[in-house]
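Please examine the structure below before reading on.

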Amino acid sequence: METKRLVVPVAEEILGREYSVLNKGFIRLVDYMGGDESIVQAARVAYGKGTKKVSEGRGLIRNLMRNEHTSPFEMVEFKWHCKMPIFVARQWIRHRTANVNEYSMRYSQPRDEFYIPALERVKFQSSSNKQGSGEEVPKDLALEFVDWVINTDDDSMKKYKKFSDENIARELVRIGLPLNTYTEWYWKCDLHNTLHFLKLRMAPEAQYEIREYANAMAGIIKQIVPLTYEAFDDYVLGGVRLSKQEIETMKKYGMKISANELEESNLSGGEQKEFLEKLKKFE
Ligand SMILES: Cc1cc2nc3c(=O)[nH]c(=O)nc-3n(C[C@H](O)[C@H](O)[C@H](O)COP(=O)(O)OP(=O)(O)OC[C@H]3O[C@@H](n4cnc5c(N)ncnc54)[C@H](O)[C@@H]3O)c2cc1C
């Protein structure tokens with residue numbers, strides 16, 4: 001059995017390189033373990049032999065991805081250094097299957113760096129998604145909003161410095177800082193759970209800011225484990241999961257379904273919207 005450490009040349013080139021995200025953030029691959037080959041090797045360990053041909057490996061990886069035979073994907077690990085606004089970190093940290101070590105603002109002072117959204121990013125509250133952004137905001141209102149964010153940042157950093165100079169404990173002074181203050185962490189996660197993170201955070205329902213990090217990460221992972229990413233793209237990102245009711249509705253009305261027919265279906269209001277989104281993939 002092969003025991004040598006797997007080196008992925010493209011990963012070696014990427015190591016340590018900073019990939020900018022948002023106005024001041026980044027992700028940087030600090031270390032990795034394994035690649036597509038390690039997944040094949042793990043899947044085949046039961047047979048006591050490795051796969052020789054790339055084509056065999058590709059088929060095996062695709063089969064594993066299709067059938068959610070996930071543990072071989074856990075054999076690959078990535079360790080990242082990430083810098084993101086606190087509100088992004090709060091969403092990101094919900095992915096419990098990673099190991100995290102965050103910059104401590106009890107120990108060190110925060111950098112004077114804040115996430116300032118671009119004007120085009122400033123949108124009205126979505127009317128259809130309670131968690132999302134909707135239509136464009138007139139430029140003057142967007143400017144006013146961004147000005148408010150910048151002024152709040154300046155003011156809170158000035159006050160932070162003042163109270164810090166007066167030797168108030170850092171663990172307390174930090175509570176006056178806004179959610180768009182940048183923080184940093186090391187984030188280590190296996191490939192299976194990283195793909196799960198990407199699936200959830202690259203989705204259009206995810207907030208734009210965390211999506212930007214997920215997209216940057218996906219761009220890197222795609223290069224390091226191209227066969228796995230291809231299978232992930234084909235079967236997970238590009239695939240569609242249909243419920244029993246959705247299949248019944250499709251059988252009854254076909255792919256082109258009118259508003260009336262949708263109303264008659266067994267689907268709830270939310271399901272109807274999601275079903276229409278899924279049908280778009282067949283257009
Ligand atoms: C668009 C969007 C909106 C969201 N909105 C909210 C919100 O409003 N409020 C909110 O609180 N959260 C929200 N979340 C966070 C969401 O509920 C999940 O906590 C987050 O996406 C992490 O997903 P996960 O638990 O599957 O991932 P991980 O924590 O990485 O876990 C991966 C998988 O491991 C398993 N697992 C991990 N830990 C356990 C455990 N303790 N017990 C059993 N199984 C476990 C599960 O199968 C899980 O899917 C939102 C997420 C998204 C993508």
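Predicted model: local features only at pLDDT ≥ 70, side-chain atom pairs only at ≥ 80, totals over all residues.

Residues are numbered from 1 along each chain as its sequence is written, and side-chain values use heavy atoms, with hydrogens and water left out.

Five strands, in the order S1-S2-S3-S7-S4, form an open sheet with antiparallel pairing. (Strands are DSSP runs of E with at least two residues, helices are runs of H or I with at least four, and both are numbered from the N terminus; two strands pair if DSSP finds at least two bridges between them.) Strand S1 (18–21) and strand S4 (99–102) each have a single partner strand, so one side of each is left without a neighbour in the sheet. S4 pairs with strand S7 (residues 182–190) in the antiparallel sense over four bridges, and Glu-102 stands opposite Trp-185 in S7.

Two helices lie across this sheet's strands. Helix H7 (residues 191–201) lies across strand S3 (77–85) and S7, at about 130° to S7. Helix H8 (residues 208–224) lies across S1, strand S2 (25–33), S3 and S7, at about 155° to S3. Such angles run from 0 to 180 degrees between N-to-C directions, with axes being lines fitted to C-alpha atoms, for helices over the stretch in contact (heavy atoms within 4.5 Å).

Elsewhere, Phe-163 is placed in helix H5 (residues 139–165). Phe-163 counts as partly exposed because its relative accessibility is 32%, the class between buried (under 20% relative accessible area) and exposed (over 50%), with a 1.4 Å probe and protein chains only.
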